[in-house]
Amino acid sequence: MPPLGLAGVVTLLVVVLASCGLPLFNGQKDRNVDVESEPTVLVFADPARVAGLSVATISSGTAKPHVHASYPTLPDAPALTRRLKDELAAKARRFSEKTQIREGQPVPEYNVDWDLTAATRDAVAVRLRESRFTGRTWVDSYRTLWYDRKGQKVVDSTGLVVNIKQLSAIVRRHLPADSPVHAQSVVVDPQLYDSLNFNARGDLVVEFDGQESSPGSVGRVAVAIPRKEADELLTPFGRLARAAVAATATRPLSKTMDDNPVAVSSMNGSVNCAVARCVALTFQGGPGPYTERLLETLSAHGARATFFMVGTNAAATPGVLRRMCEQGDLVASQTWTHRDLTLLSGSMMYDQIRRAQHAIGVASGQTPSLLMAPYGAADARVADAAREFGLSIVRGDVDPGDVAGADPKEVAKRVVADTRRGSVIVMRDIDRVTADALPQVLDELGKRGFVFVTVPELYGTTRMVAGRTYSSPLVPAGAVSTGGSPSPQAAPSGGSPSPQVP
């Protein structure tokens, strides 16, 4: 929606909680909590409890400008999945085509994350937060798409109300006296109301877009219309949507990360990499629609891998993470929403790491000890944060360019040609091409005597140090080197083509 012409940081009430989706309520009992002091806070569904839900990603890899847009896919809501895919793909293309990259300036970035504000057999609501960094500041915008499961159709937020003009008048009346929003800015424009939701009590929450703010800040304006007053505004589907929010199973209350052991492969120690020709196969950006295929292939070949996962995706697919752990693979982190950490303020950078640690820990029962920084961007601040969370930073030396549309045979050939003892192979856990190429990768490298282990196993008894960046190739002490030696140091990242759609 349009940004209302505001300047500076626009934040009303509990902005960080509402925008980042921290769990505030749990279960019907907690819905009775008085929310009068903060009526614009939304409660979010637990995606892990939505049958069939998976996560898809549109990504530029390491190409510039950077793009990472994730969205939920639902097999029983094909029209919603198609709408999300088409709209986000179009926006990603426009951003890549129209955004200028200036030498010596930070790389522009387009990032999209999501939450479900309703998820019942009657209705689903997907709330998107689109964040753009154009070289100086982040700008956030919000949009909510609703899906009528009975009618099998997508409903824009404006479909919840009968009269936009009447809605505008009521919003103007409920603007706080000290609001930076001027009443004359609230015009009768459907685009202004593309994110309508309900709070735990049933008040109608109208969200407006954020404004330019300091790096990493979140700008949000929201107005709550009391339930009784909203009654006259709602369409029949609007009433159904409000009932769906009330019936939605919300995210569980947070668990402390101290409850979980540090992540380690259940097969750790079964291979002596001082003797064997070990390599570490890694996957980044998932879990995605093809992760279970990857796990099946790894299991069939007796191989294991390290999965650097995006926290939002991991939270939605706990069953996939549990399977990873059961078959000896290692869970690791690639932050909460895959933003360039070096472009964020200290608090937002910590939040990106902390929330991923929590989500992966809750889903898998293990707390990650490894971090792969999005786009390979890690500076001294990132290293300090990683150290505080007990995370070692990992970079690979083999990037096969397994983006959507690539030839699986060519991807496999690049992996085989570039891999040597101690290599860390970085593939993408979001596209079909990776799942198609993996069997050939495992077959060909297996014929050459390579053994697939998790990243920490490359070091044997040498413990990886939190806060240090480990580059490849890595050959453990005591091994006969065939090129390369242990070198925990920074290394440049490779490139990849423009944004791809899974």
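**Pocket, helices and loops**

A: The largest pocket is lined by 31 residues, and those that lie nearest its centre are S369, P456, T462, R463 and M464. Please keep in mind while we talk that this is a predicted model.

Q: OK, and what volume does the largest pocket have?
A: The volume of the largest pocket comes to about 630 Å³.

Q: How do the residues of its lining divide by class?
A: In the lining of the largest pocket, 17 residues are nonpolar, 12 are polar and two are charged.

Q: Switching to helices: at what angle do α10 and α11 pack?
A: Helix α10, which covers residues 346-364, packs against helix α11, residues 380-388, at an angle of about 45°, and their axes are 10 Å apart. That angle is why α10 is described as oblique to α11.

Q: Which residues make that contact?
A: On the α10 side the contact is made by G346, M349, Y350 and I353, while α11 contributes R381, V382, A385 and E388. Sorted by class, the contact of α10 with α11 has five nonpolar residues, one polar residue and two charged ones.

Q: And is the crossing of α10 and α11 left-handed or right-handed?
A: When α10 passes α11, the crossing is right-handed.

Q: What about α7 and α9, how far apart are their axes?
A: The axes of helix α7 (residues 291-300) and helix α9 (residues 318-326) are 11 Å apart, and the two helices pack at an angle of about 15°. Angles under 35 degrees count as roughly parallel, and α7 and α9 are therefore roughly parallel to each other. Their crossing is left-handed.

Q: Which residues touch there?
A: From α7 the contact takes in T291, E292, L295 and E296, and from α9 it takes in V320, R323 and M324. By class, the contact of α7 with α9 has three nonpolar, one polar and three charged residues.

Q: Last one: what phi does T335 have, and where does T335 lie?
A: T335 has a positive phi of about 75° although it is not a glycine, and T335 lies in the loop between β12 (330-333) and α10.

Key. Residues numbered from 1 in each chain as written. Predicted model: local features only at pLDDT ≥ 70, side-chain atom pairs only at ≥ 80, totals over all residues. Heavy atoms only, no water. Axes fitted to C-alpha atoms, helices over the stretch in contact; angles between N-to-C directions. Helix = DSSP H or I, 4+ residues; strand = E, 2+ residues; numbered from the N terminus. Parallel < 35°, antiparallel > 145°, perpendicular 65-115°, else oblique. Left-handed = near helix turned anticlockwise from the far one by under 90°. Contact = heavy atoms within 4.5 Å. Nonpolar A, V, L, I, M, F, W, Y, C, P; charged D, E, K, R; others polar. 1 Å grid on protein atoms, 1.4 Å probe; cavity = no way out; pocket = protein on both sides within 12 Å on 5 of 7 lines; lining within 4 Å. Points joined across faces, edges and corners; volume = space filled by probe spheres on them.
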